[in-house]
Amino acid sequence: MQWETVIGLEIHAQLSTQSKIFSGSATTFGAEPNTQASLVDLGMPGTLPVLNAEAVRMACKFGLAIDAEIAEKNVFARKNYFYPDLPKGYQTSQMDHPIVGKGHLDITLEDGSTRRIGITRAHLEEDAGKSLHEDFHGMSGIDLNRAGTPLLEIVSEPDIRSAKEAVAYVKAIHALVRYLGICDGNMAEGSLRCDCNVSVRPKGQAEFGTRAEIKNVNSFRFIEKAINYEVQRQIELIEDGGKVVQETRLYDPNKDETRSMRSKEEANDYRYFPCPDLLPVVIEQSFLDEVRASLPELPGQKRERFEREFGLSTYDASVLSASREMADYFEQVNATCGDAKLAANWVMGELSSLLNKEGLDIEQSPVTAEQLGGMILRIKDDTISGKIAKMVFEAMAAGEGSADEIIEKKGLKQVTDSGAIEAMLDEVLAANAEQVEQYRASDEAKRGKMFGFFVGQAMKASKGKANPGQVNQLLKKKLEG
C-alpha cells in the first residue's frame, strides 16, 4: 500500500520584548534561576496582569507579513492545566478569538519549486516556567524566569506532506520572524520551538489519519529526523494490524526515536474560558496602518528582487535572502565590487565554508563585506587569478589585512605580460619535449587530456601567478604552431 504523510506544525516564537507579556519582569536569557519572576508571574493572589502593547504590535507585524486577517477584537482566555512549572494553574492564551487569523506562507523546496502553506492562526500567550532535572539528587527544580515571556504560537494548516517540506516551512518562519525583528530565532535557547502533528493515510484517501504530536523539537535537523521516524512508526504499526492512538510524544535525539509522553488532551480538557482579568483587545485601523508602514522588505520580496535586479538564479537568491544578515552582507559585497554573480559565488562558497568550519554567524565573519568586495575587484581587473584569490581570502580571514595589502606583501600579483608568459612557456615546452611530440602526433580526443598536463606545468612554473586565460591561449598557439 502507498501511504501519504500529513503534517501540521505549531511553532512557538518567543517575542523579543524587553519585558514579559503581562508584567514588567525582564526577559533576558541566562539569568540566575528565579531572579526574573515577579508576583504577577508567580500568580500571587491580588495581582493583576497588564498587557504589553509591544507584544500586540509584533503579533500584528507577523499577521500583515503573512497576508493574514487581523482580528479587530481579540480575547485572552485561561487554559487550565496543572504542572509544576505553571504556578497559576492556568496559562493565559487565546482560544476562540486569536489576534491573527488565516494567512499563508510560500516556501521554496530543494528542487527550486515553491509551495504555499496555509496558516490557520497565530495567537498570543504566555510561556510557562522550566523544570530542571539535573543536579537535584532525584528531584526536580523549577526556574520561573521564563514564565510570562510573550509567545506567538503559529499554527499551520495540515498542508505539509514530507519532513523536508516541514523543515523548509520552519526555516521560512524562522527567517520571517528574524526579518521582522520580533524573535531572535535562537532554537538552542528555546526562542523558537516546534510541535509536529504527524499522521499517515492511504494515498488517495480524503479522511485524515489519527495524529500524534511530537512536542518541543528545537532544531531543523531534529524536526526532519523526528517526523521521518514517526511516519515510519505509524506505517509499520498500521500494517501490522495495530492502531495509531492520539497522543503526545517526545523525540529522543540520542536514540533517534519518538516515545509516548501522555494521551493527547482535547480543547475541552483545558476548560478554556475568557480571562476575567483582561479586557478584549480592540485593534484600530490607524494602528494597523502604522504597523504596515514599519514592515521591512520581507524574505520573499528580497528573493524576487535579487532575481530581477541581479539576474541570480532562484536557488542563489533563496540562499542569500534566507537571513537578513546574509542578504545585507551580500549586498554590501556587490556594492563594492559591482559583480553580483561573483559576489554570490564567494559569499555562498568560500565565505560560507569558512563560517561553517569555524562555527560562526555571518555577523562574526573575520572577513568584512568591504574586504571581500575589494578582493573580487582584484579578480575582475586581472590583478590576481581565482586560485590566488583563495590564498588571499585565507590571509584576510587570518587578519593579515586587505586584499591589496596581502597581494603587495606576498608578491601575488598576476603575471599578464605576454612576453614573460611566452618565455616561461618556451621553457616548459623545452623541458617536456617528448610530451610535446606525443601531443602533436595524437588525435583531438587525446590532445584534450594532454593539454591539461601542459597547463598544469605552466601554472606550476609561474607559481600560480600567470594569467590562466593567456596561458591557455598562448600554449594552444605554441603547441599547434
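This is a predicted model: local features need pLDDT of at least 70, side-chain atom pairs count only at pLDDT 80 or more; totals for chains, interfaces and linings use all residues.
Seven residues of helix α8 are listed here by name: Met 326, Ala 327, Tyr 329, Phe 330, Val 333, Asn 334 and Cys 337 are buried, buried meaning under 20% relative accessible area, with exposed over 50% and partly exposed in between (1.4 Å probe, protein chains only). They sit on the same side of α8, because the arc they cover around the axis is only 160°, taken from the directions from the helix axis to the C-beta atoms.

Numbering runs from 1 along each chain as its sequence is written, and side-chain values use heavy atoms, leaving out hydrogens and water.

As for partners, the buried residues of α8 pack against α3 (163–180), α6 (299–310), α7 (314–320), α9 (340–358) and α10 (369–380), where contact means heavy atoms within 4.5 Å.

Now the cysteines. The whole structure has 0 disulfides, a disulfide being a pair of cysteine sulfur atoms within 2.5 Å. For Cys 183, the closest cysteine sulfur belongs to Cys 194 and is 13 Å away, too far for a bond. Cys 183 is also buried, at a relative accessible area of 3%. Cys 196 is in no disulfide either, its nearest cysteine sulfur, in Cys 194, being 4.0 Å away. Cys 196 is buried too, at 0% relative accessibility.

Zooming out, the protein chain has 16 helices and 15 strands, both read as DSSP runs numbered from the N terminus (helices H or I, at least four residues; strands E, at least two). Its radius of gyration is 30 Å, well over the 23 Å that the globule rule gives for 481 residues, so the chain is more spread out than a compact globule. That radius is taken over C-alpha atoms, and the rule is 2.2 Å times the number of residues to the power 0.38. Along the principal axes, the C-alpha trace spans about 95 × 55 × 50 Å. Of the 481 residues, 48% count as buried.
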